[in-house]
Amino acid sequence: MGKLVALTLLGASLALIGERFLALRERMNASREVESVEPQNCHLIEGLENGSEDIDILPSGLAFISSGLKYPGLPDFAPDESGKIFLMDLNEQNPRAQALKISDGFDEELFNPHGISIFIDKDYTVYLYVVNHPHMKSTVEIFKFEEQERSLTYLKTIKHELLTSVNDIVVLGPEQFYATRDHYFTTFFLILFEMILDLQWSSVLFYSPRGVKVVAEGFSSANGITVSPDQKYVYVSDVAAKKIHIMEKHDNWDLTQLKVIPLSTFSDNLTVDPATGDIWAGCHPNAIKLFFYNPEDPPGSEVLRIQNIFSENPRVSTVYANNGSVLQGTSVASTYRGKILIGTVFHKTLHCEL
């Protein structure tokens, strides 16, 4: 009788796992292909072949780019190279990428940059906050940008027991930022378990020198995060659920959900056009192709523009789409004066005119 019960439980467990796995394949758009959509005058940026996972642009047109991310389960075409921060001047007719030098005191060999966020202080000093994964842990590095020298001065590393599996950040004050935890667990197999069962244990944190707290939770995988131009609202990409959450920010930094914008693709990082308030999302059309990389059938790329965000029917339009022949694994799209810079997790970087 004991063996029969054990076999019954085993069979039921395997059936449940199988059902969840099939559901996961469906959620990951396993059969989706994309039709090409391309803006005018697009060209790849020389020197950015190992990813441009996140991009943040100063009002002056200087773009910071994180490159060289090593992330469990994703391709890595330069395993022996450490990550870098690149700078581009989008005012130039043919902008080029330049790797920024980092001052002494920072271990560049362990640099594994992920999400980034710019903060401009009252005296116009520019600080760059970078999510870093040394030894696959999570820290937030703070740098001061030296514009004349085209370099970064290392200032500080932030660590906290709640800052695990950090994906992206948005900085709203000196050492005050929101951060997304894309998974509850930190080991690859438990993350896979979390994804298959869709536990929705992912969250958004708020950090300040006074402490860290969870301000929103219940996400399948909170990924990109950004803020509205007036800083009243925070936008969170739940990549696994194919949704963008519009959150109201309160005086105590807590977040309340106002609405959810459903998508048919996997939105990664989000940026906001400061002039229009539109959201731009770098997206993965087919997540199976992203995690099970095949160079003969590579993951595609997609960029969405979301307009009229607070209306009953926000307008979602595809600005760029490619089947992977040009750009693979798009993670971010950022605009500046009629130009768009499209970055990827591990592949190339595209510059287009809108």
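Two residues are in contact when they have heavy atoms within 4.5 Å of each other. Keep that in mind for the exercises below, and remember that this is a predicted model.

**Exercise 1.** Find out which residues N323 is in contact with, leaving aside its neighbours within four places in sequence.

*Solution.* Start with where N323 sits: in the loop between strand 22 (315–322) and strand 23 (330–336). Now apply the contact cut-off, skipping those sequence neighbours, and you get V34, P298, P299 and G300. Then check the side chain of N323, which makes a polar contact of 3.0 Å with the side chain of S325.

**Exercise 2.** Work out which residues line the largest cavity, and what kinds of residue they are.

*Solution.* First, the count: there's one cavity of 30 Å³ or more. Its space comes to about 60 Å³. Next, walk around the lining: R32, E33, V34, P285, N286, K289, P298, P299, G300 and N323. Finally, sort these residues by type, which gives four nonpolar, three polar and three charged.

**Exercise 3.** Which residues does UniProt list under "glycosylation site", and which of this set does the lining of the largest cavity take in?

*Solution.* The unreviewed UniProt entry lists N269 and N323. From this set, N323 is part of the lining of the largest cavity.

**Exercise 4.** Decide for N269 and N323 in turn: buried, partly exposed or exposed?

*Solution.* Take N269 first. Buried means under 20% relative accessible area. N269 has a relative accessible area of 0%, so it's buried. This residue lies in strand 19 (residues 266–272). Leaving aside neighbours within four places in sequence, its contacts include E53, D54, W280 and V332. Look at E53 again: its backbone oxygen lies 2.7 Å from a polar atom of the N269 side chain.

Now N323. Its relative accessible area is 43%, so N323 counts as partly exposed.

How values were computed: Residues are numbered from 1 along each chain as its sequence is written. This is a predicted model: local features need pLDDT of at least 70, side-chain atom pairs count only at pLDDT 80 or more; totals for chains, interfaces and linings use all residues. Side-chain values use heavy atoms; hydrogens and water are left out. On a 1 Å grid over the protein atoms alone, a cavity is a set of points where a 1.4 Å probe fits but cannot get out, and a pocket is an open set with protein on both sides within 12 Å along at least five of seven lines; lining residues have an atom within 4 Å of a point. Grid points are joined across faces, edges and corners, and a volume is the space filled by probe spheres set on the points. Ala, Val, Leu, Ile, Met, Phe, Trp, Tyr, Cys and Pro count as nonpolar, Asp, Glu, Lys and Arg as charged, and the others, Gly among them, as polar. UniProt positions are given in the numbering used here, feature names are shortened, and annotations may be inferred rather than shown by experiment. Helices (H or I, at least four residues) and strands (E, at least two) are DSSP runs, numbered from the N terminus. Buried means under 20% relative accessible area, exposed over 50%, partly exposed in between (1.4 Å probe, protein chains only). A polar contact is a pair of N or O atoms within 3.5 Å; within protein, one must be able to donate a hydrogen and the other to accept it, and residues adjacent in sequence count only if both atoms are side-chain atoms.
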